[in-house]
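Could you help me read this model one piece at a time?

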Amino acid sequence: MELNDILTNIETGNEEQIKRCLHKYNAENSKTFAFDSEEEHARIKLCQGLLTVLRRPVQPQCQSTCLETMRILSRDKRVLGPVATSEGILTLAGLARIPLPDANVEPLEEAKSTADERVVVEALKCLCNVVFNSVAAQQVGADMRLAQGLCAHLRSSSSTCHEVGLFSLRLLFLLSALRPDVRGVLCKETGAVVLLTEVLERTLDVRWAGQYEVTPPDLQCPPIANEKCEQVMEALKALFNITMSDSNAEDAYHQLRLIAAIMRHILMLRAQTEEKTEETHSHAINLLSNLPVCCLDVLIDVPSQGGLEKYGGKNMDAVQVLVDFMEKRIDKGSNYKEGLTPVLSLMTEGSRYHREIRRYLKAKVLPPLKDVKVRPEVGTTVRNKLVRLMTHVDMGVKQGAAEFLFVLCKESVDNLLKYTGYGNAAGLLVARGLLAGGRGETEYSADEDSDTEEYKSAKPFINPITGHIEEPMPNPIEDMTEEQKEYEAQKLANMIGELSRQQLIRPMGVRKDGSLAPLEEAVHQCRIADSSESDSD
């Protein structure tokens with residue numbers, strides 16, 4: 001369908017003709033995401049024409065058709081000028097039944113028919129595209145308090161249409177993701193955290209067994225429907241953005257503990273497919289990592305469901321889900337930055353401040369050592385996989401894995417080296433200034449780790465660098481004379497000196513405090529210390 005023909009029909013104002021030609025255009029371009037730059041001006045004029053039609057009192061079928069065309073056009077960032085204005089956003093918000101606090105316009109009555117709901121859905125989809133693709137539209141939305149109106153819409157809407165709820169939540173997510181100022185307002189002024197918590201409760205049919213304990217799902221209960229999963233994930237993404245804003249009020253902590261309880265409930269649920277389950281759990285874990293660490297006890301404190309006596313009667317089902325999730329993400333072997341680091345961070349902080357969580361994770365991830373004949377990074381256990389990540393090329397991933405294992409070892413360098421070897425742990429020790437040994441700053445309980453008899457007997461033969469017992473290697477200088485040894489030593493020193501002068505390497509030493517320093521500086525400090533400690537005549 002030629003754009004000029006569509007523009008001509010729009011100018012004539014015949015509703016049926018407009019609808020007919022736009023239907024054809026929509027069918028031809030429903031899968032189009034790359035547009036011809038030569039028709040850019042015509043598409044801008046079409047956006048203006050569509051807004052003109054949408055401001056007229058036309059039938060819902062014509063409105064939804066115009067909005068569908070607008071949605072297709074809004075995939076192109078270059079033609080959004082007419083829409084990314086106060087008038088454009090006001091028109092779309094009105095059709096989406098979103099009341100704008102600062103607009104002197106009466107909102108349309110709530111959609112009652114299927115055709116009216118179609119208009120609302122298409123208007124919300126257009127707003128999502130426009131806000132995502134246009135910085136100007138984001139600014140206009142913030143100025144017109146679109147997010148606040150959206151919250152009012154979510155509170156008052158009685159629509160049972162899945163797509164109305166889904167795209168309302170998606171638009172709220174986009175606004176809170178793209179505008180930090182909107183995020184702060186949503187957190188402090190509009191009660192969006194409470195609102196989205198209620199959305200989750202309603203969608204998941206949550207029943208409370210205690211102040212911060214959700215009644216567990218029936219074992220015979222079917223998996224969550226895909227539509228509910230989609231709404232839950234959009235609400236979780238919006239909540240993640242909003243909870244990034246700090247709030248220290250007491251009632252905020254109460255609300256965040258309620259959220260933690262609902263996240264535990266979500267971790268125990270299953271969706272229609274494994275992929276959907278993992279995706280939903282991923283969003284729940286992201287949100288949990290945003291909550292204050294003092295709220296994480298809600299994950300294990302579920303009196304009505306019982307717990308494990310060896311862990312103080314705490315229930316570790318949710319923690320085991322986290323371990324399984326982490327292992328799945330490691331096994332995927334890709335996208336570690338976004339897919340793995342949140343769960344590592346969550347378990348690290350949970351272990352640092354909650355003794356029972358640490359003890360359980362230690363038993364699962366770092367059980368007592370028995371076989372020390374293979375390197376710590378070789379094998380299929382969770383420990384082997386995490387130790388491999390300690391030398392990953394991505395700095396965030398390697399630091400996350402190392403910090404998690406370090407905390408499980410109660411931040412004891414000796415314990416960490418026992419499980420990982422010095423070579424794998426060197427990066428963490430350098431960063432922490434613990435090359436000389438010692439402990440981190442966090443205080444842990446006094447319970448001691450007990451070594452197995454197999455480890456005790458093998459310990460004297462373990463190479464501390466590699467963390468395992470190595471096969472005896474032939475001594476390369478065994479048959480050399482003293483002169484040959486001296487020659488090889490001098491040759492090595494000359495090679496190191498040459499590489500150092502060319503700045504290809506930089507010899508380093510360890511200061512007395514365990515941090516790294518250039519070799520000259522480290523040696524100089526040692527000499528000063530030695531001379532100050534010697535007796536003077």
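**Reading the model together**

Reader: Is R97 buried or exposed?
Author: Start with the scale: buried means under 20% relative accessible area, exposed over 50% and partly exposed in between, with a 1.4 Å probe and protein chains only. The areas come from the Shrake-Rupley method with that 1.4 Å probe, and for residues only the protein chains shown count as cover. R97 has a relative accessible area of 13%, so R97 is buried.

Reader: Thanks! What kind of model is this?
Author: Residues are numbered from 1 along each chain as its sequence is written, and side-chain values use heavy atoms, with hydrogens and water left out. Local features need pLDDT of at least 70, side-chain atom pairs count only at pLDDT 80 or more, and totals for chains, interfaces and linings use all residues; the model is predicted.

Reader: Back to R97: what is its phi?
Author: R97 sits in the loop between α5 and α6. Helices (H or I, at least four residues) and strands (E, at least two) are DSSP runs, numbered from the N terminus. Most residues other than glycine have a negative phi. R97 is not a glycine, yet its phi is positive, about 65°.

Reader: And what is the phi of D205?
Author: D205 belongs to the loop between α11 (192-204) and β1 (208-210). With 45% relative accessibility, D205 counts as partly exposed. D205 is not a glycine either, and its phi is positive, about 55°.

Reader: How many salt bridges does a search of the whole structure find?
Author: A salt bridge is a side-chain nitrogen of Lys or Arg within 4 Å of a carboxyl oxygen of Asp or Glu. Searching the whole structure with that rule, the number of salt bridges found is 28.

Reader: How many residues apart in sequence are the parts that E40 and R78 tie together?
Author: E40 and R78 form a salt bridge, with their closest N and O atoms 3.7 Å apart. E40 is partly exposed at 24%, and R78 is partly exposed at 41%. E40 lies in helix α3 and R78 in the loop between α4 (60-73) and α5 (86-95), so the parts they tie together are apart in sequence by 38 residues.

Reader: Where do E234 and K237 both lie?
Author: Their side chains meet in a salt bridge of 3.2 Å, N to O. E234 is buried at 4%, whereas K237 is partly exposed at 21%. The two are three residues apart, about one turn of the helix, and both lie in helix α12 (residues 226-242).

Reader: Why is the pair of Y311 and Y360 called edge-to-face?
Author: Rings of Phe, Tyr and Trp (its six-membered ring) pair if their centres lie within 6.5 Å; planes under 30 degrees apart count as stacked, over 60 as edge-to-face and the rest as tilted. The whole structure holds one aromatic pair. The ring centres of Y311 and Y360 are 5.4 Å apart, and the pair is edge-to-face because the planes are at 75°.

Reader: Which residues make the nonpolar surface patch of about 430 Å²?
Author: Patches are made of residues with over 30% relative accessible area and no salt bridge: like charges are joined within 9 Å, nonpolar side chains (Val, Leu, Ile, Met, Phe, Trp, Tyr) within 5 Å. One member sits in the loop between α24 (482-501) and β5 (508-510), namely L504, and at 58% relative accessibility L504 counts as exposed. The patch is made by L492, I496, L499, L504 and I505.
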